[in-house]
Amino acid sequence: MEEELIHHRFLKIVQALVALVVLLVAAITGIIGVIVIGPTKLMAFLAPSKMTETVVEPVAGVWMPPAENTIPAGEAGEKIKYGRELISRTAEYLGPNGSVMAVSNGMNCQNCHLDAGTRPFGNNYSAVASTYPKFRARSGTEETIEKRVNDCFERSLNGQPLADDSREMQAIVAYIKWLGKDVPKGESPKGSGLVELSFLETPADPVKGKILYDEKCTVCHGKNGGGIRNTEAKSWTYPPLWGEHSYNNGAGLYRLSRFAGYIKANMPLGATYEEPQLTDEEAWHIAAYVNSMPRPKKDITHDWPDISTKPVDHPFGPFADGFNEQQHKFGPFKPIMEKRKEQSKGKAK
């Protein structure tokens with residue numbers, strides 16, 4: 001009996017020592033974490049992530065581009081092929097050292113419109129021909145395909161517009177119309193544009209986004225966001241995400257919901273809308289970090305002439321809903337949506 005009592009006490013002592021060692025290891029790890037990455041980032045890293053459901057699922061009947069052999073022969077076909085070439089290798093023709101003219105920042109159209117504007121949920125062109133011309137609240141006017149293309153040149157490519165009657169503009173428009181030739185007028189097929197992510201309950205966090213960016217994005221886009229140039233140094237194999245050579249603050253991807261949706265279905269390299277590699281939260285946080293970094297500015301004072309039509313994530317005031325620019329940039333966006341619904345009901349009475 002006495003022997004059993006001694007054995008029991010021995011086990012208690014061993015358990016207490018093990019618990020003490022675990023506490024010491026945790027304390028030392030925490031101290032090292034604070035010293036190495038700082039208390040703010042450590043807390044952000046350790047903070048529990050409130051997960052939302054992944055909304056990107058395989059979509060039946062998703063749009064696919066026309067087969068190559070449907071490009072017509074002759075002059076019309078050559079124009080379409082030239083348009084595709086301009087989308088894929090924009091910088092070689094229209095970049096700072098372009099062979100035709102210098103009207104863009106060195107990025108390629110397909111840096112945003114993946115696979116020459118053909119990838120499902122990769123910002124493709126499937127619905128452009130079927131829905132343009134159309135009224136757009138951002139300009140407050142009815143826009144043509146040419147205007148839409150030049151919006152990209154002036155915002156995402158931070159450059160100058162092409163003349164509507166230029167050979168290059170006509171080729172790009174011909175290519176876009178060929179891509180959408182099988183889409184009924186007025187319709188947007190499944191897989192067009194970008195995925196729509198659920199709004200977070202809290203603001204998207206650039207601090208968490210930087211930790212994720214360093215882990216998942218730097219191998220292609222660099223720690224400084226400057227991208228990787230191709231071997232001829234005329235454009236980027238992986239585009240710059242911020243800095244003087246990146247898209248400006250008037251680009252569509254500067255809106256957080258647009259960029260988060262783009263990231264979710266297409267990033268990191270190898271991700272698709274069917275097999276995403278990031279959670280919704282991770283996509284939102286990375287978008288918040290990237291879009292909080294410095295980039296070229298555009299005069300957008302004439303955008304959204306009716307301020308009540310500004311998207312909830314358009315980050316520049318004035319606003320008709322009473323929320324500030326910080327919340328319009330990082331969220332949470334649900335309160336803004338709810339406020340706008342109340343305002344709409346008030347107007348309807």
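Reader: Which helix gives the most to the lining of the largest pocket?

Author: A pocket is an open set of points on a 1 Å grid over the protein atoms alone, with protein on both sides within 12 Å along at least five of seven lines; lining residues have an atom within 4 Å of a point. Helices (H or I, at least four residues) and strands (E, at least two) are DSSP runs numbered from the N terminus. Here, helix 7 contributes most to the lining of the largest pocket, with six residues. This is a predicted model, in which local features need pLDDT of at least 70 and side-chain atom pairs count only at pLDDT 80 or more, while totals for chains, interfaces and linings use all residues. Residues are numbered from 1 along each chain as its sequence is written, and side-chain values use heavy atoms, with hydrogens and water left out.

Reader: How much space lies in the largest pocket, and which residues are the closest to its centre?

Author: A volume is the space filled by probe spheres set on the grid points, which are joined across faces, edges and corners. The largest pocket holds about 1,100 Å³ of space. It is lined by 44 residues, and Asn123, Tyr132, Arg136, Arg148 and Arg258 are the closest to its centre.

Reader: How does its lining divide by class?

Author: Ala, Val, Leu, Ile, Met, Phe, Trp, Tyr, Cys and Pro count as nonpolar, Asp, Glu, Lys and Arg as charged, and the others, Gly among them, as polar. On that basis the lining of the largest pocket has 22 nonpolar, 12 polar and 10 charged residues.

Reader: How is the second largest pocket to be described in turn?

Author: The second largest pocket contains about 620 Å³ of space. Its lining consists of 36 residues, of which Asn111, Leu114, Pro239, Tyr262 and Met267 are the closest to its centre. Two or more lining residues come from each of helix 5 (114–117), helix 10 (218–221), strand 4 (236–238), helix 11 (256–266) and helix 12 (280–290). Helix 11 provides the largest share of this lining, four residues. By class there are 22 nonpolar, nine polar and five charged residues in the lining of the second largest pocket.

Reader: How many cavities of 30 Å³ or more does a search of the whole structure find?

Author: A cavity is a set of grid points where a 1.4 Å probe fits but cannot get out. The search finds one of 30 Å³ or more. The largest cavity has a volume of about 50 Å³, and its lining is formed by Asn108, Cys109, Cys112, His113, Cys152, Ser156 and Leu157. Four of these residues are nonpolar, three are polar and none is charged.

Reader: Helix 11 came up in the second largest pocket. How many of its residues are buried?

Author: Buried means under 20% relative accessible area, exposed over 50%, and partly exposed in between (1.4 Å probe, protein chains only). Helix 11 is mostly covered, with 11 of its 11 residues buried. Its cover includes helix 5, helix 12 and helix 13 (325–330).

Reader: Why does Ser257 count as buried?

Author: Ser257, a residue of helix 11, counts as buried because its relative accessibility is 11%. Contact means heavy atoms within 4.5 Å. Leaving out residues up to four places away in sequence, Ser257 touches Trp284 and Asp313. The side chains of Ser257 and Asp313 also make a polar contact at 2.5 Å. A polar contact is a pair of N or O atoms within 3.5 Å; within protein, one must be able to donate a hydrogen and the other to accept it, and residues adjacent in sequence count only if both atoms are side-chain atoms.

Reader: Which residues have the most contacts inside the largest nonpolar core?

Author: In soluble globular proteins, nonpolar side chains tend to be buried together. A nonpolar core is a set of buried Ala, Val, Leu, Ile, Met, Phe, Trp, Tyr and Cys residues joined through side-chain atoms within 4.5 Å. The largest one has 37 residues, and Tyr213, Leu256, Phe259, Ile263, Trp284, Ile286 and Val290 have the most contacts inside it. Helix 9 (206–216), helix 11 and helix 12 each supply at least two residues of this core, and the largest share, seven residues, comes from helix 12. A second, separate core has 30 residues, including Leu86, Ile145, Met169 and Ala171.
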